[in-house]
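Thanks for coming. I will go through one structure this morning, a few elements at a time.

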Amino acid sequence: MKNCILFFGVLVFGFFSKAQTSLNLSTNDSLWSIWETESNDDSVRVDALQKFAYDEYGRSEPDSSRYLLGISIEFAEQKQLPKFIVSAYNAIGETFIVQAQYDSANAYFNLALDIAESMKDLKGISAAYNGIGNVLRQTKQYDAAIDYFLQALVINEELKNFSGIGSIKNNLGLIYRIKGDYSTAILYFTQSIEIRQKLNEYKWMGTTLSNLGLVYKMQGDFVKAMAYYNEAYKIDYLQNNVSGMATALNGMGNLYKQQGNYENALLSYQNALGYFEELGNKKNYATVLMNIGTTFHLQTRFDSALVYYQKSLELNEKMNDRNGLSVVYNNLGTYYYDCGNYEEAMRIHDLGLAIKLEMNDKPGMAYSFAGIALCYYHLDSLNAAAEYAANALKIGLETGDSYILRQSFLILHKVCIKQADLVKASEYLSRLIHLIKGQVATNYFALAEHEKELYFETMESDIGKLFDFAIHFSDSFTMFADSSYNMILQTKGLTLKSSTLLRNTIIESHDSLLLKTYEEWIAQRAKITELNLKGKDVRLLEEEANKIEKDLIRRSGAFADFNKIQNLDWKQVRDGLKEGESAIEFVHFKSEIDTTNPTIYAAFVVRPNSEHPDVVRLCTEADLKNILGVFQGNNLSFIEKVYGKKSESKKDLYEKIWQPLEPFLRDVKTVYYSPSGLLHKVSFAAICKEQDVFLSDVYNFRQMGSTGNLAFENKTQFGELENFLLMGGVNYQSEKESVSEKTQEVWSYLPGSLAETNTINTYLQKKKFGVNYFNGSNASEEIFKEKITSSSIVHIATHGFFFPDPEQVREEMKSENESENQDLKFRGDALSSSMGTTNYANWSFVNNKNPLMRSGIVLANANEVWNRDPLAEGEDGILTAQEVSNLDLRNTKLVVLSACETGLGDIKGSEGVFGLQRAFKMAGVKYLIMSLWQVPDKETSEFMILFYKNLIKEKDIPTAFQKTQKVMREKYDPYYWGAFVLIE
């Protein structure tokens, strides 16, 4: 045996002769000092050297580690310390695993095992078993690996070697995760963490925490997964474990990617990539390259995705990493599928599947099965598609992998639709929707607001399958009309509802510590808004604000109330209706059943006697764009083209979105409705039914964020003790400037707004109401923010604005106002050509990425913003929607924005309009009166004065609004009164 030992000793030194020159040892290190002190016991010295060699260099510099271990072997031979020869060979084996040189690793583990068995060295035997198990695990021989790990576990339990037990249980967890047995994997990982925590072995704990995070991610529990990844990163950071930090960052990137947060995913991946490059860890480096490719792929940045896929493929081919190759093949297959090259996609998926079958990697096999099934589906080989999807589903059910289950249900649903097997199609769709609801319940509320929006975007396409099926087959499957309406109630405006719920829960909790954290969060958001206005990079501050928000969510207890929203049922809406009333939920979705019309608008109608919601197909998005344009125009001629005049009917909107509904609205007088998509830009009351007949002549319209509001008692009533805040006749020019220094008049003075607020103020004072009235230079942003929180009704008569996006604004500024009546003065059309220049206002509002910064109302001295110093302190006279969202307006019953375009904003999926409308709702306002287009000064003043007279008489906000609208409708064309909508 001694000859064999010497042979391998020569091999070690021969292999590492080059490492000696580059090794940089710290003589101050305590372990190295023990080794260098010759007076120390020989066994103490060699033990210190081996720990130093493996702990310091085993993962980061394997070559250097083996060089030092070779020195320890020579010393152990000289001093006749065979146990340390065994431990050195085992350690050398581990360094070869790091470099994926599994044959060399196996040779050293078996050599260590031979020596240890001859000496009956149980510790050495167990370490060799563990090492051989790791080689078998890495080469995908999982059952054999489990046998070796269990043998090692028995020995370590006999020796009471708890450190070894913790290591082996982590390894067993890894195998059961790969086999798809997630519950067993979680059990082993948890036990490993508990052991390492007791032993204070934090250096190894981070890796196991990351492993546990991955299991929870695969199960679809993103909250737990992120918690474990964060804990792993913190521990590895404190231990300066660069490899562990990189692993945790890669895991976070995968999680962000699955949540649709691609920006954060790329940041995490880039950091992980840098660490793995620094370590020379080519295997993990290739993995992260592939992950970056998939993120670009999901962003439809196909050229960039292909570059990273190719880089990863080349590296994996050089290393002959079969597992890495199979994963890249799967992603390349998906790439070619999305490019429409289904045959090439299938060929590449087959390559990946062959490797996964060889490795018996069940989750990997399922991904390949699903990819191939989609290819067969698009090639109309439906039986083959069903077979492969069923194989994926079988594995998904065994493992509980949420992504595989979702893909399998979706593919099988699509296949059954094409095969006209609607019963099975409905079953798979039901299972898909049940899975999505479970994921929302598990993950959604614990995310920060922006993360919620991104996460839900990943689900909207699948939810559209529910509406698609209901529209086409609800006559035979009435339960899908029910589940569709329930899904709408539970998801429309979900981020807004959950954010509002969080605020209310915190403020009403009277928990001083929680309230303090909440105030810090609001202050942080205000700081972000301030810096955003100055063109500063606020990403780090936003990240910190998100952390505070998540802490608030965790501590507030609002999750229980969120579950009530998730359990809202359409029958509660029905039971909230009275005779002669109806509720309508509009939806839009991409249809795969009707491939000729990709985006369809539809409505779900409920009446007091409904057994099921009625399902009504309306029109396509292309139909609406043909009527409304790409973005809604503002001028008189455009509005008359869409809505007509008293003397000239325009029935296009009526025919597309209302006439199909009329058979379901017989004997209905009051309609509660919630728009979707482009319908947010439509004034339903102003839709022309026939010559000089508008829908407001037939129905009383009540617009809502969700008809789910009908399930709850509305306690908002107008009383005699209301406190009013009025602002109008605003002076937009600064009084501090001399005539020669006057700023350009971007926002022109509105004389009608002064007359309007003067009249309203006089009337309210006469009726003995409390009024705070500010005009001229006193109608400032500072005073507004100071007074609004103590006001129950707020009225602002001024300019308003919304900028859709920079490109659309530039196009709009090229054309002059096309109004045929040059005597009309508008509350919002005075923007000058200076907006095309680079200044404070442009980066703050016009070109801002945040839609809540591109929507606002204009107050005193606002014209200064076009020449404002970016570093200037104080308010700028522009009240943005972002600033409004930070206010606490839970006691404000009504906000009236007597200005242009205040109801507009970016329209985002099921979340609706991102602008002033959303901001005031986030702040807690009960009712909003807003405008959909530029409103003329004179007629707006008349509308508003009449509204307040009706409000005081009727003591009900919706009734007062409807009566005002009807009076104005009798006198004027829709252009002059139809812009205003009441939103509750």
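I will start with a pairing of two strands: strand E12, residues 855–858, and E13 run antiparallel and are joined by three bridges. At one place along E13, Thr-880 has Gly-856 opposite. Before I go further, please keep in mind that this is a predicted model.

Now the sheet around that pair. It is an open sheet of three strands, in the order E11-E12-E13, with antiparallel pairing. Which strands stand at the edges? They are E11, 800–802, and E13, 878–880; each has a single partner strand, so one side of each is left without a neighbour in the sheet. Ignoring direction, neighbouring strands here are turned by 25° against each other on average.

Next, strand E14, which covers residues 894–898. Is E14 mostly covered or mostly open? Mostly covered: five of its five residues are buried. In a regular strand, side chains alternate between the two faces of the sheet.

What does E14 pair with? One partner is strand E10, residues 793–797, in the parallel sense, over five bridges. There, Val-794 stands opposite Val-895 of E14. Another is strand E17, residues 927–931, which also runs parallel to E14 and is joined to it by three bridges. In that pairing, Leu-894 has Tyr-927 of E17 opposite.

Now to a pair of helices. H10, residues 162–178, packs with H12, residues 202–218, at an angle of about 20°, and their axes are 11 Å apart. Angles under 35 degrees count as roughly parallel, and H10 and H12 are therefore roughly parallel to each other. Their crossing is left-handed. Which residues meet there? From H10 we have Asn-170, Leu-174 and Arg-177; from H12, Thr-208, Asn-211, Leu-214, Val-215 and Met-218. By type, the residues of this contact are four nonpolar, three polar and one charged.

Last, the chain as a whole. How many helices and strands are there in the chain? The count is 42 helices and 18 strands. The chain has 984 residues, and 59% of them count as buried. If we take contacts between residues at least 6 apart in sequence, 70% join residues at least 24 apart.

That is all I have. Questions are welcome.

How values were computed. Residues numbered from 1 in each chain as written. Predicted model: local features only at pLDDT ≥ 70, side-chain atom pairs only at ≥ 80, totals over all residues. Heavy atoms only, no water. Axes fitted to C-alpha atoms, helices over the stretch in contact; angles between N-to-C directions. Helix = DSSP H or I, 4+ residues; strand = E, 2+ residues; numbered from the N terminus. Parallel < 35°, antiparallel > 145°, perpendicular 65-115°, else oblique. Left-handed = near helix turned anticlockwise from the far one by under 90°. Contact = heavy atoms within 4.5 Å. Nonpolar A, V, L, I, M, F, W, Y, C, P; charged D, E, K, R; others polar. Buried < 20%, exposed > 50% of the residue type's maximum accessible area, 1.4 Å probe, protein only. Pairing = 2+ DSSP bridges.
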